[in-house]
Amino acid sequence: MNLLDVIGPVMIGPSSSHTAGAVRLGLLAVSILGESPIKADIALHGSFAQTYRGHGTDMALLAGLMGWMPDDARIPEADIYAEQKGLQYKFSTINLGELTHPNTVRFHLEGVTGKTCVVTGSSIGGGQVCVTEIDDFPVELNGNLPGVLIVHQDRPGVIALVSGKLSEYKVNIAGMRVFRTNKGGTATMIIECDQMVPEEALKAIREIKNVESVRFINKVL
Amino acid sequence: MANNKLSLEKYIEWAEKEHRALYEVMLEDNAKDMDTAPIAIEAKMQEMLQVMQESIDFGLTGVRSRSGLTGGSAKTLAETMAKPGYKSLLGPVAQDALVYALAVAEANAAMGRIVAAPTAGASGVLPGVLFSLKKHRNLSNIDLQKGLIVAGNIGMVIASRFSLSGAMGGCQAECGSAGAMAAGAAVSLLGGSAEQVGHAVAIVIKNMLGLVCDPVAGLVEVPCIKRNGGSAMQALLAAEMSLAGIKSFIPADEAIDAMKEVGEKMPCAFRETAEGGLANTPTALAWAKKYFSK
């Protein structure tokens, strides 16, 4: 934690977890979608579901979906701007179970070119967030670094080939997690990188045997 | 001192050994840590002060929160205190510190733009103390930035040894830390020694030890707004004592470690979950029931 984490950030109140963190979750969800959303179904769990009106969590999530920063003075009227922009949105509440973090949101997003994704993420305190699920795949992503999400078949050597390609393109791996449904089944790799991952590197990774899909997720803020 | 546990005593020793002001050694250390020039940090502090001033002004217009639960108290207090012949219980510095702290906390609850220093919930304390001193001790924003740097480093020490979050450590870690930061800032702005900064920090932490985080309906309103005012007062009384040469028997680092011990033993109901304390009173529960059924 440095001086600017303690004296700052500048944000729209009232809560770093329920307001600033919610903006960040919206930003990260759009980054995962990879384009501007035109439709958003937003389901709120736990404390988000209970207190979203008082904390302006709904406005903050919409603000993030529109690409605004947590200090944007328009946040209290984000719904009006969303309607003007033609962003169709719907808020609902959901129960994701006892074990789910109390400040959790699940977005169903549709983008301008028709891309869709389902993103589940939590605001874990101090404005920090963690995306825990993308399209039914478990992940762990905080948006502090550029990331790559790779869905692949669980076979020996896939991870080595992927990291080899990143190294070829001079991308340093800052963190990496691998999840799989079952041995030899579908697996996901979430790789956080110190650099932007060039399009050619993503293309090269897509061509690796047993890799099913590759999604680049830019950092937010 | 980038890693692991920071120590306020170490900063104090460093400043004393080199006969430099506390903010100077802190700024030097921050610049090194962040790999940036001190002037860049100072420029950032000026931006923060600007936003703090704007949040005071916004709060003083009498804003109300989104939920409708709170608002308007800063304006009411300011207007009452300005009446001719009004006899305040407080001196002018404390009066304005209280008004400004409430103003920013109410601006925060009303979705205004604030500086989360150290958090949004405790964002009124530092502006309250700093801008009251600016007005009554004839200081400039350049002076205030020195106080802000000292405050920020006190916060970093607390964060490294424990936490600044109510969800982690109760309100002692949030408003308590904000009060300690503001007390340190006030002492350094008023010409106190590095050692006196340490005593002021320790005094606030001792006075606010054990304070629970029990927000009504989970909203950053009751009791948060008035606690911002209360923490600003704690900061001033600790600064006053310390500047008079009164020492804290328990040093600042140890007081922070005691806060950690208390925080870790604090039941979950008292750490921002709105399940205990004031949030669990009949009045709070009745209001919350109405609010949630909307």
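## Sheets of chain A

Strand 2 of chain A and strand 4 of chain A run antiparallel and are joined by eight bridges; strands here are DSSP runs (E, at least two residues) and helices are DSSP runs (H or I, at least four residues), both numbered from the N terminus. Two strands count as paired if DSSP finds at least two bridges between them. The model is predicted: local features need pLDDT of at least 70, side-chain atom pairs count only at pLDDT 80 or more, and totals for chains, interfaces and linings use all residues. Residues are numbered from 1 along each chain as its sequence is written, while chains are lettered from A and ligands numbered from 1 in the order in which they are written.

A:Leu44 stands opposite A:Thr93 in strand 3 of chain A. Strand 4 (residues 103-111) and strand 5 (residues 116-125) of chain A pair in the antiparallel sense over seven bridges, and A:Val105 stands opposite A:Gly121 in strand 5 of chain A.

These pairings belong to an open sheet of six strands in chain A, with the order 3-2-4-5-6-7 and mixed pairing. Strand 3 (88-93) and strand 7 (137-141) of chain A are the edge strands, each pairing on one side only. From one strand to the next the twist averages 20°; axes are lines fitted to C-alpha atoms, for helices over the stretch in contact, and angles run from 0 to 180 degrees between N-to-C directions. Helix 4 (residues 57-65) of chain A lies across strand 2 (37-45), strand 3 and strand 4 of chain A, and runs at about 145° to strand 2 of chain A.

Another open sheet of chain A has four strands in the order 9-10-8-11, with antiparallel pairing. Strand 9 (173-180) and strand 11 (211-217) of chain A are at its edges with a single partner strand each, so one side of each has no neighbour in the sheet. On average, neighbouring strands of this sheet are turned by 15° against each other, direction ignored. Strand 8 (residues 147-153) of chain A and strand 11 of chain A run antiparallel and are joined by six bridges. A:Val148 has A:Phe216 as its bridge partner in strand 11 of chain A.

Chain A is divided into domain 1 (3-135) and domain 2 (147-217), with bounds that come from an automatic or database domain assignment. The centres of domain 1 and domain 2 of chain A, taken over C-alpha atoms, are separated by 27 Å.

## Helix packing in chain B

The axes of helix 9 (residues 171-189) and helix 11 (residues 224-243) of chain B come within 8 Å and cross at roughly 40°. Helix 9 of chain B and helix 11 of chain B are therefore oblique to each other; angles under 35 degrees count as roughly parallel, over 145 as roughly antiparallel, 65 to 115 as roughly perpendicular and the rest as oblique. Their crossing is right-handed, a term for the near helix being turned clockwise from the far one by less than a right angle, with anticlockwise being left-handed. Residues of helix 9 of chain B in this contact include B:Cys171, B:Ala178 and B:Val187, and those of helix 11 of chain B include B:Arg227, B:Ala235 and B:Leu243. Two residues are in contact if their C-beta atoms, placed from the backbone, lie within 7 Å.

By class, the contact of helix 9 with helix 11 of chain B has 13 nonpolar, five polar and one charged residues. Ala, Val, Leu, Ile, Met, Phe, Trp, Tyr, Cys and Pro count as nonpolar, Asp, Glu, Lys and Arg as charged, and the others, Gly among them, as polar.

Helix 7 of chain B and helix 12 (residues 252-264) of chain B have axes that come within 10 Å and cross at roughly 45°. That makes helix 7 of chain B oblique to helix 12 of chain B, and the crossing is right-handed. B:Val157, B:Ile158 and B:Arg161 of helix 7 of chain B make the contact with B:Ile256, B:Asp257 and B:Lys260 of helix 12 of chain B. These residues divide into three nonpolar, no polar and three charged.

## Contact between the chains

The contact takes 28 residues from chain A and 38 residues from chain B. On the side of chain B that touches chain A, the elements giving two or more residues are helix 2 (22-34), helix 3 (38-60), helix 5 (92-109), strand 1 (113-115) and helix 7 (141-161) of chain B. Helix 7 of chain B gives the most, with seven residues. The residues of this side of chain B divide into 23 nonpolar, 11 polar and four charged.

Strand 1 (residues 10-12) of chain A pairs with strand 1 of chain B in the antiparallel sense over three bridges. In this pair, A:Met11 stands opposite B:Ile114 in strand 1 of chain B.
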